[in-house]
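Notebook open, model loaded. I'm jotting down what I look up as I go.

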Amino acid sequence: MAERPEVPAEWIRRLDQLCGALPECHRQRAWVGTRWQVGRATVAHVFGGEDQLFRIVFRAELAEVMAFEHLGPPYWLIPIGGVEVGV
């Protein structure tokens, strides 16, 4: 199995600024990469894949998910739960 690359520190800082603006949102290490949560709900997750590409997965409202679905690549939908989008 290939190694997953570490997410660049600048990406983490930028996402921390964006997600940190959300009430009660906190950053933590995830099983792979870094995630931001409000309570127990993950609102964003960034990680490097075994294919050496980086991914950001975020929670969205249903109407936003449908809009991203129509945009196509580089956006993709997370089939579990129906409220997550990946880039």
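Predicted model: local features only at pLDDT ≥ 70, side-chain atom pairs only at ≥ 80, totals over all residues.

**Starting from T34**

I looked up T34 and found it in strand β2, residues 34–38. Strands here are DSSP E runs of at least two residues and helices are H or I runs of at least four, numbered from the N terminus.

Residues are numbered from 1 along each chain as its sequence is written, and side-chain values use heavy atoms, with hydrogens and water left out.

Is T34 buried or exposed? T34 is buried, at a relative accessible area of 8% (buried is under 20%, exposed over 50%, partly exposed in between; 1.4 Å probe, protein chains only). Skipping neighbours within four places in sequence, I get T34 contacts with I12, R27, Q28, R29, A44, H45 and V46 (contact means heavy atoms within 4.5 Å).

**The sheet**

I traced 6 strands in an open sheet, ordered β1-β2-β3-β4-β6-β5, with antiparallel pairing (two strands pair if DSSP finds at least two bridges between them). β1 (25–29) and β5 (76–77) are at the edges with a single partner strand each, so one side of each has no neighbour in the sheet. β2 and β3 pair over 5 bridges, and W36 has A44 in β3 as its bridge partner.

**I12**

Again leaving out neighbours within four places in sequence, I12 is in contact with V7, R27, T34, W36 and V46.
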